[in-house]
Amino acid sequence: MKPAPFEYVRPESLDELVGMLTAGDVLLAGGQSLLPALSERRRRLRRLVDVNAVPGLERCEAGPGLLRAGALTRHRDLAGRADVRAAVPVLAEAARHVGHEAVRVRGTLGGSIANADPAAELPGVCVLLDAVARVRSAAAGERAVPVADLLRPGGLAEGEVITVVEVPALRPGEGWGFAELSRPGAYAFPLVTVSATVMRGSGGVVTGVRAAVTGAAGAPYALPGEEAAGLLGAVPSAAWAGAVAGRLAAAARPVSDHYASAGYRRRMVAHLARRVLADAAGRAGAGGTP
Amino acid sequence: MIEVSFTVNGRPYRIAVEPRTLLSDALREQCGLTGTHAGCEHGVCGMCTVLDGGQPVRSCLMLAVQAEGRVFTTVEGLGAPDELSPLQDAFRAEHGVQCGFCTPGILLTLRAYLDQHPGASEAELREALSGNLCRCTGYQNIVAAALRAAGRCGVPEPGECSGERGSPLGAAAVRREDARLLTGTARFTDDVPVPGAVHVHFVRSPHAHARITGIDTSAARAADGVTGVFTGADLARWTSPARMAPPIEGLVPMETETLPSGKVRFAGDPVAVVVAADRYRAEDAGALVRVEYEPLPPVLDAEESLAGDAALVDDSLDSNVVFRGGLSSGDAAAAFARADRVVRTRFSHQRMTHAPMETRGCAAVWDAGRGELTVHTGTQVPHPFRTQLAARLRLREDQVRVIVPDVGGAFGQKLVVYREDVVVAALAMRLGRPVRWREDRGENLMAAASAREDSAEVEAAVTADGRILALRARLLSDFGAYSFFPANYMLRVVAMMLPGVYRVPAYSCEMTVVLSTKVPAAPMRAPMAVCTWVTESTVDAVARELGLDPVEVRERNMLREEELPYVTASGETYEDVTPYRAFGAVLDRYDYAGFRRRQREGRAAGVYRGVGLACVVEPTTYGSAFYRSAGIPGSGHESAWVRIDPSGSVAASTGIAAAGQGHETTLAQVVAAGLGVRPEDVAVRLGDTEVAPYGMGTRGARSGTAGGGTALLAARRLKEKVLAIAREMLGGEDGLDVRDGEVVAAKEDGWVGTGLSVADIARTAYLDPLSLPEGLEPGLAVQLAYDPPPMTYSNAVHLCEVTVDPVTGQVRIERYLVAEDAGTVINPAVVEGQVHGAVMLGAGGVLCEGIVYDEAGRNLAGSFRDYALPSVREAPAVEVVHCGTPSSRTPGGMKGMSEGGVMGSIAAVTAAVNDAIAPSGVTVSRLPVTPPRLSDLLDGRLPGVPGHQDE
């Protein structure tokens with residue numbers, strides 16, 4: 001199938017972009033999900049606003065304690081850049097799992113968040129790390145919004161543009177893990193992903209644990225803070241990982257469809273979580289994030 | 001329109017595009033670079049991959065307007081046919097190409113990857129290629145080619161092959177097709193230039209089953225660029241319906257309108273056709289066609305149809321049952337009465353589809369002055385296609401010419417004259433201008449043809465030591481909405497082959513075929529494929545229930561070579577097959593006892609390994625006598641001509657048509673062997689009905705035997721004439737032969753040149769006919785027809801070892817062995833490629849593929865996101881052992897092959913999974929066994945594995 005007709009504009013500055021947006025406009029970033037939807041005529045639009053010529057949106061800087069990734073940061077850069085991997089290795093690892101190389105060359109972080117697929121890899125890591133998006137609109141100027149809020153229905157308002165995603169770097173010594181179970185076959189879209197970080201203190205006891213899940217609820221979700229608090233102070237073990245995994249699985253609200261049953265998705269949350277927590281605990285140490 | 005400037009392969013382009021024009025379309029249609037193929041247009045298949053500044057991108061996922069200022073490389077920029085780059089040459093050397101439709105995208109993906117990762121490992125290369133689909137090769141030789149290009153040779157050694165030393169028969173020659181397929185210079189249907197053509201788009205039903213109460217085409221007709229909009233009523237005036245009414249006992253005659261006028265019978269059924277300036281406009285107008293439907297209940301469950309509880313799919317029939325039949329021999333009742341044990345098994349294979357990488361399509365050109373229609377289309381059967389199309393259009397056959405260009409895979413899907421083909425041809429005649437159609441992927445998955453939704457219930461009467469006394473089977477097939485084939489066609493062969501390689505003294509089988517509101521069924525590579533699964537899995541069940549080893553039960557029941565010829569319980573005569581030898585060949589190569597040890601040790605550690613065995617007898621060739629005896633309409637003959645032109649160049653043709661099998665290469669080898677010339681000196685012309693003689697086309701693994709056999713006979717006969725002329729020219733010398741294009745004479749120290757070449761003979765034959773021996777006609781050309789034996793049987797034994805992850809349900813194929821006896825092998829590399837691809841096709845059905853309908857009958861698998869094809873990550877490395885036993889009944893000793901790999905892998909992979917999960921006590925009997933399904937099935941039944949109760 002071929003796309004239905006639409007108008008096309010390519011603003012060349014952020015101000016021009018934000019100033020021109022009107023109701024119903026759709027932004028084109030990497031296009032790796034949007035183009036199939038247009039070609040299959042699942043999605044019709046009046047005007048397509050190509051943001052790829054807006055300067056600055058591709059800028060991606062790993063500064064002290066923070067990765068500032070422009071909305072047009074390509075998955076390939078997240079997966080391949082040494083500075084990104086050093087600051088947020090869990091994000092780099094997740095980006096490596098997105099699609100295939102040709103998709104990663106075009107696909108963008110901002111687009112992935114705006115697309116808000118409940119199973120996609122990168123939104124889950126943003127939820128894990130409490131990433132914050134800077135969002136601009138003509139009406140409201142700039143605001144900072146937790147990415148988790150943008151992933152909920154209606155999270156990104158009409159006329160709003162994600163400009164940059166601020167992802168806190170892992171703390172020194174914080175360990176991390178990421179795992180994905182994909183649908184079988186070549187498309188290999190994620191069914192379930194789990195990501196986690198672990199901090200350990202003296203004696204190796206857990207002083208901090210975070211985890212996030214995609215593909216098992218209407219939106220990515222994190223291990224609630226109060227639950228994480230109850231998991232501190234222990235030396236990581238299979239039983240400890242199992243306890244965290246159990247809580248993550250209990251929080252799942254999966255659906256059954258022709259890919260997998262709800263029960264399978266829930267079991268896979270627990271299964272992946274055990275592995276991811278063990279990886280994160282294993283990587284955690286006082287000496288940095290190996 | 002927007003002007004865009006960019007560079008492709010170093011050349012600047014400036015074109016005007018609409019905002020919505022896909023980059024893939026701009027490259028193909030406006031830059032004329034048709035090497036970039038559109039395989040799905042939703043970003044999954046990887047076929048349209050091009051390089052953008054050296055980085056791979058999917059050109060269907062970019063708009064042409066985004067190309068401004070960019071620098072692209074397409075396959076045409078990698079190398080030319082006479083100047084392949086090392087990467088392209090690696091694909092030719094490793095037989096990494098079959099149909100070649102996926103090849104450009106794979107080459108560009110690899111080009112970018114190897115530039116950045118020279119010397120990449122196999123695992124890295126598999127990962128890099130995992131976003132590129134291929135349906136032919138099983139990925140095996142693609143990986144080999146990638147490794148070669150990366151400077152690593154990890155190529156398994158070829159097995160021994162048959163064939164005389166020095167003969168073109170048996171040589172693993174590189175394929176002559178590959179140079180064009182590797183450089184974007186091949187021409188597939190959508191690449192054929194047809195000046196002035198308008199494009200069609202079919203408006204399809206969203207309902208599984210509904211009465212059409214009205215169609216309003218007025219808005220569509222008024223839309224921009226529209227030539228016309230037509231419906232079933234129009235087509236009924238211009239064309240004849242397809243009538244499927246061969247006189248077969250138990251078969252209900254059926255008729256199919258060119259476009260349905262009264263009701264639709266599956267989601268995807270075409271109800272109207274829009275003709276417009278281009279595909280974009282045709283789809284725009286299609287969205288404006290208003291069809292009013294009165295929904296009817298979908299018919300999705302064959303058992304409901306059998307029980308008479310379902311709605312009627314075809315209103316002109318009394319029931320949804322369109323075929324009932326039976327086979328029996330021996331006294332099954334008595335055998336069951338005296339059996340020590342009756343073992344019962346059930347099987348259910350899901351609906352699949354062929355998913356050729358090139359979808360269907362055609363272009364029709366009507367020459368009103370001459371009254372001649374030319375149709376370009378990728379059919380497997382050009383002459384039968386022409387016969388049927390002419391009849392549907394009420395033309396004489398001589399008014400229709402069918403030209404088959406390069407074909408991007410077929411697998412049985414391109415055997416039929418589809419309704420869409422008839423519509424396109426009729427429109428070309430009515431509108432007086434060329435009309436073309438390229439099916440999109442969604443249509444292909446939802447509306448082309450499907451296969452294999454077969455189920456079986458089997459009872460085996462056995463002795464306590466595992467000897468089979470009798471088999472009883474009840475087979476049921478869901479045929480879908482229409483009869484594109486006689487409804488008994490596929491199931492009849494399943495029933496025929498069910499006894500497999502075993503002595504089955506008594507057998508009875510009931511066959512039932514029912515209609516449903518699903519995509520119509522067609523033969524798909526190994527239409528009988530489930531038979532091996534059913535039989536082999538029943539043998540495994542016998543072993544399980546009696547506490548015997550599966551190998552032991554096979555030993556006890558398997559035919560030995562010395563029992564041949566053997567008439568099976570279904571009346572087939574096996575000869576020149578080697579089931580027991582192939583079984584031994586596989587077990588010799590595999591440490592079976594060692595595996596059982598590893599399996600026990602693994603289980604103790606929570607690692608679940610399994611091994612599956614499958615013994616295959618593959619019916620191939622299907623001569624006319626088979627059709628007659630099986631009550632299936634059809635001829636099995638084939639025709640060929642071979643000619644030597646005055647300069648000595650050789651050309652040949654037969655009625656078969658290639659879709660990636662390499663027929664041009666193998667036929668050249670056969671003709672060269674028969675004539676005594678070099679294969680490279682033989683041109684092969686296929687697929688044009690004005691050039692090729694009338695034959696039955698490519699199907700049923702018949703091309704090597706029927707096509708190759710006929711060509712061999714024609715070449716041999718032509719050689720007799722060459723030798724007769726040579727004898728005359730050499731003064732009556734005897735003991736002559738032709739070798740490498742030279743006439744040679746037998747002397748004491750071997751063959752010695754006579755100074756005469758085939759070119760000399762040809763010159764005489766054409767230009768000096770008075771010098772010919774008395775009674776010989778001028779010229780050097782032979783055309784003949786040949787009807788091969790009713791069946792030639794190949795056989796094979798498959799062994800598959802898997803590991804099952806008991807938690808995720810993921811199955812990994814660890815090892816795959818095939819002992820293949822395909823008789824005289826024309827080209828072992830081609831044969832191995834066929835085995836690899838067939839194994840993957842069967843395994844894909846076991847592990848991931850399937851058409852899924854929801855309860856309303858909507859097809860949920862209308863894209864490659866949802867119809868899951870296996871990738872190179874899942875592809876096994878298949879080890880092929882050749883054990884070529886020539887057929888005593890065919891010219892050259894060839895047997896057919898190419899479908900047996902599917903039969904074997906469905907059985908072997910499933911058996912391996914069942915062996916792995918045996919401690920759970922559950923058995924997989926419904927396919928596919930996707931990871932979620934397997935995990936749900938196991939449901940915590942394996943030690944230490946969580947199930948539902950743990951949630």
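**Entry 1: terms and the model**

I call a residue buried when its relative accessible area is under 20%, exposed when it is over 50%, and partly exposed in between, using a 1.4 Å probe and protein chains only. This is a predicted model, in which local features need pLDDT of at least 70 and side-chain atom pairs count only at pLDDT 80 or more, while totals for chains, interfaces and linings use all residues. I number residues from 1 along each chain as its sequence is written, letter chains from A and number ligands from 1 in the order in which they are written, and take side-chain values from heavy atoms, with hydrogens and water left out. Helices (H or I, at least four residues) and strands (E, at least two) are DSSP runs, numbered from the N terminus.

I looked up Arg41(A), which has a positive phi of about 55° although it is not a glycine. Arg41(A) lies in the loop between α2 (34–39) and β3 (47–50) of chain A. Is Arg41(A) buried or exposed? Its relative accessibility is 15%, so Arg41(A) counts as buried.

I then looked up Asp740(B), another residue other than glycine, with a positive phi near 50°. Its loop runs between β31 (736–739) and β32 (742–747) of chain B. Asp740(B) has a relative accessible area of 56% and is therefore exposed.

**Entry 2: strand β11 of chain A**

I checked strand β11 (residues 206–214) of chain A and found seven of its nine residues buried, so the strand is largely enclosed by the rest of the structure. For strands, I take two as paired if DSSP finds at least two bridges between them. Strand β10 (residues 190–200) of chain A runs antiparallel to β11(A), and eight bridges join them. In this pairing Arg200(A) stands opposite Val206(A). The hairpin of β10(A) and β11(A) has five residues between the strands, and Gly203(A) takes a positive phi near 75° there.

Which strand does β11(A) pair with over two bridges? I found strand β12 (residues 221–222) of chain A, in the antiparallel sense. Val213(A) has Tyr221(A) in β12(A) as its bridge partner. Six residues lie between β11(A) and β12(A) in their hairpin, and Gly215(A) in the turn has a positive phi of about 85°.

**Entry 3: two helices of chain A**

I looked at helix α11 (residues 238–250) and helix α12 (residues 262–283) of chain A, whose axes come within 8 Å and cross at roughly 145°. Axes are lines fitted to C-alpha atoms, for helices over the stretch in contact, and angles run from 0 to 180 degrees between N-to-C directions. Contact means heavy atoms within 4.5 Å. The residues in contact include Trp240(A) and Leu248(A) of α11(A), and Arg266(A) and Leu277(A) of α12(A).

**Entry 4: a sheet in chain B**

I traced an open sheet of five strands in chain B, with the order β14-β24-β23-β22-β15 and mixed pairing. Its edge strands are β14 (321–329) and β15 (341–348), each of which pairs on one side only. From one strand to the next the twist averages 10°. β14(B) and strand β24 (residues 506–515) run antiparallel and are joined by eight bridges. Across this pair, Phe323(B) stands opposite Val513(B). Helix α15 (residues 489–497) of chain B packs on the sheet, touching β14, β22 (454–462), β23 (468–480) and β24, and its direction makes about 165° with that of β24(B).

I also looked up strand β37 (residues 878–882) of chain B: four of its five residues are buried, so it is largely enclosed by the rest of the structure. Five bridges join β37(B) to strand β36 (residues 811–821) of chain B, and these strands run parallel. Ala819(B) stands opposite Val881(B).

**Entry 5: cysteines**

I counted disulfides (a pair of cysteine sulfur atoms within 2.5 Å). Cys45(B) is buried, with a relative accessible area of 2%. For Cys362(B), also in no disulfide, the nearest cysteine sulfur is that of Cys99(B), 19 Å away.

**Entry 6: cis peptide bonds**

I noted a cis peptide bond from Leu564(B) to Pro565(B), with omega near -10°. Pro565(B) is in the loop between α17 (550–557) and β25 (566–567) of chain B. The bond from Leu927(B) to Pro928(B) is cis too, with omega near 0°. I placed Pro928(B) in the loop between α25 (900–916) and α26 (931–938) of chain B.
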